[in-house]
Amino acid sequence: MRARYGIATAVQLDVPAVSHKSMLVMIHRIEESEQVTVLNFSGEPVSGTILSPHLVPGSAVTDLLTGAVTDEVDDLHCLHIELGPYDGRALLLRHTA
């Protein structure tokens, strides 16, 4: 996944504040898209909203592991996420024209 999407050479854009202390969110630029890594370091499920000016409204959110489109960035530059215990997601945001 790292090589296929160029994650190793990505440029970090943001590490936004999160509502749960066990969450870590990192936003990177890869080519013409954003890549979002979300991690839960807790033994409990967590949910929250990621807010960043680097999240482009209307972007389709694709899970890099499964290839499934899971969500869309809303007009307020937000993305909702739910993670299980010790879970993580690598997401790709594709801008729509």
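I began with Ser 22, whose side chain makes a polar contact of 2.8 Å with the side chain of His 20. (A polar contact is a pair of N or O atoms within 3.5 Å; within protein, one must be able to donate a hydrogen and the other to accept it, and residues adjacent in sequence count only if both atoms are side-chain atoms.)

Notes on the model: it is predicted, so local features need pLDDT of at least 70 and side-chain atom pairs pLDDT 80 or more, while totals for chains, interfaces and linings use all residues. Residues are numbered from 1 along each chain as its sequence is written, and side-chain values use heavy atoms, leaving out hydrogens and water.

Back to Ser 22: I found a polar contact from its side chain to that of Asn 40, at 3.1 Å. Ser 22 sits in the loop between β1 and β2 (23-30). (Strands are DSSP runs of E, at least two residues, numbered from the N terminus.)

Is Ser 22 buried or exposed? It counts as buried, because its relative accessibility is 11%. (Buried means under 20% relative accessible area, exposed over 50%, partly exposed in between, with a 1.4 Å probe and protein chains only.)

Next I looked up Thr 37, which lies in strand β3 (residues 33-40). Thr 37 is buried too, at 17% relative accessible area. Its side chain makes a polar contact of 2.9 Å with that of Gln 35.

Last, the sheet: I traced 6 strands in an open sheet, ordered β1-β2-β3-β8-β5-β6, with antiparallel pairing. (Two strands pair if DSSP finds at least two bridges between them.) β1 (11-14) and β6 (69-72) are at the edges with a single partner strand each, so one side of each has no neighbour in the sheet.

How values were computed: Helices (H or I, at least four residues) and strands (E, at least two) are DSSP runs, numbered from the N terminus.
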